[in-house]
Amino acid sequence: MDSAQVIPRHQTAIARQHLSKPIALAMADGVLSANSTLFDYGCGRGGDVARLRAMGYTAHGWDPGHSPNAERHAADVVNLGYVINVIEDPTERAQTLASAWALARQVLVVAARTDWEARTVTGRRHGDGIITKRGTFQKFYSQAELRDWINVQLRTDCIAAAPGVFYVFRQDSDAQTFLASRTRHRPAPTSRPRRRQALYDVHREDMDALAAFISSRGRVPDPEEIAGTASRLLGAFPSLKQAAALLRDVTGSQDWDRDLTRARHQAERDLLVYLALAAFRGRPKASDLPKGVALDVRTLFGSYRAACSQADELLHAIADQKALNNACSRSDIGKLTADALYVHATAIQLLDPLLRVYEGCARTLTGTVTECTIIKFSRIMAKVSYLSYPNFDKAPHPALATSLRADLRKLSVKYTDFRSSTNPPVLHRKEAFVPLDYPGRDKFARLTKQEERAGLLHEPVTIGTQTGWEQRLQEQGYRLAGHRIVRITTAPAPEVFQ
């Protein structure tokens, strides 16, 4: 292709039936809220803008190919989604990033295609990317390459939101608020009011919101932290502490005190994990902490110095593989093998803080892996893997679809796709991976007992893959019927293990 020939970038725009990954992620992470304005820089066919507007968001977009005459203007959140990877000129690519950043009042969302996607695209080399069969350009980034490029170009410190997606916050306080929210446990309410009281009933919705905050943070909020709720409650109570006192009364003092102690303990662990991981970006000064985090520190630790001291101890332990191994060994959640601990993604915040920091270090490289089902903590090497089992809940022995492994020594990320494999790894004993209150856990456990009685789970190495497992079933004369095993027989009524 002649280097002077124009590459048809507009042909890379995709007509989606749903929100794009970076937009959906920003909403899920609270980076894009209903009160935020959004500008989609390189909006393609405008699908994200149209869907956000239909949801009540204030959203606008511009695209050089599809909406060249639209006005480019500042917004709270600017999305630069899958734009830089279609620009063949490195100088223009950097200028585009800078232009989008200049419009972002609060945060810039940058997304690009990852290097493991390159194997699905055929074409010929062109500059630092390829020219596809359609004549379009694509550059594929490793996670580290994309992060480093953004940081160098914008002279900032971006945050990995997910593989191929990064957040760049304008204010460090907003970045710290986001990072703290990542480590905060959100428990389901464990206590309900036992006695109905008129004042509680009148303000039930706001009182429940107050209770949820206290359960999550282990303290009574400042009115600014729950502004709408607080304004209504303060019309009926002298203070939020008085409202919390009523909650204690109607819940029962013993139950409330027990739950508050548990909430404080969890909030302390959450805060230590946040502060340990914050060291990677450089912890903010005490005076620069977001107000909510500063209140957490004061309430739970007394001083910022005391909290940071404990967080430093936690962070230093990450370098000790023996300490990590011991944390894996004593975990009462997850499936422990000779070389790793496997934990369902929903249980991560229930783990020992050391393991949470271990995973948090990996997440600084990968961002949130939204399709992750199981997290693998290596006991012998500083590696954390995010494993995807799309049919975990429905399939009795789900097959591994993809793996994303973060190597903390090499600061690298490796992606492996098993979806086209004829013999992928499969899971057994699903109940071992999940917390006790996980939906379906009892069903998983019943299947395991049936398989144990039938002698199907002996020699775990040979049944670890789909072919090996199917062969074992056939040899023993069984088949699966949902989450139960059935003996294969010519008799009219098959024998079912209960």
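Guide: Let's start with a word: a cavity is a set of points on a 1 Å grid over the protein atoms alone where a 1.4 Å probe fits but cannot get out. This is a predicted model, so local features need pLDDT of at least 70 and side-chain atom pairs pLDDT 80 or more, while totals for chains, interfaces and linings use all residues. Residues are numbered from 1 along each chain as its sequence is written, and side-chain values use heavy atoms, without hydrogens or water.

Visitor: Which residues line the largest cavity?

Guide: Lining residues have an atom within 4 Å of a point. Among them are Ala180, Arg184, Ser216, Asp270, Tyr274 and Asp296. Two or more residues come from each of α5, α7 (204–217), α10 and α11 (291–301); helices are DSSP runs of H or I, at least four residues, numbered from the N terminus. The top contributor is α10, with four residues. By class, the lining has five nonpolar, two polar and four charged residues. Nonpolar covers Ala, Val, Leu, Ile, Met, Phe, Trp, Tyr, Cys and Pro, charged covers Asp, Glu, Lys and Arg, and the others, Gly among them, are polar.

Visitor: At roughly what angle do the axes of α5 and α10 cross?

Guide: Two packed helices are described by the angle between their axes and the distance between the axes. For α5 (172–183) and α10 (253–278), the axes come within 8 Å and cross at roughly 130°. Axes are lines fitted to C-alpha atoms over the stretch in contact, with angles from 0 to 180 degrees between N-to-C directions. That makes α5 and α10 oblique to each other: under 35 degrees is roughly parallel, over 145 roughly antiparallel, 65 to 115 roughly perpendicular, and the rest oblique. Gln176, Leu179, Ala180 and Thr183 of α5 touch Asp270, Val273, Tyr274, Leu277 and Ala278 of α10, where contact means heavy atoms within 4.5 Å.

Visitor: Which residues of α7 meet α10?

Guide: Ile214, Ser215, Ser216 and Arg217 of α7 meet Trp256, Leu260, Ala263 and Ala267 of α10. The two axes come within 6 Å and cross at roughly 50°, so α7 and α10 are oblique too.

Visitor: And where does α9 make its contact with α10?

Guide: The axes of α9 (240–251) and α10 come within 6 Å and cross at roughly 120°. Ala244, Leu247, Arg248 and Thr251 of α9 contact Ser253, Asp255, Trp256 and Asp257 of α10.

Conventions. 1 Å grid on protein atoms, 1.4 Å probe; cavity = no way out; pocket = protein on both sides within 12 Å on 5 of 7 lines; lining within 4 Å.
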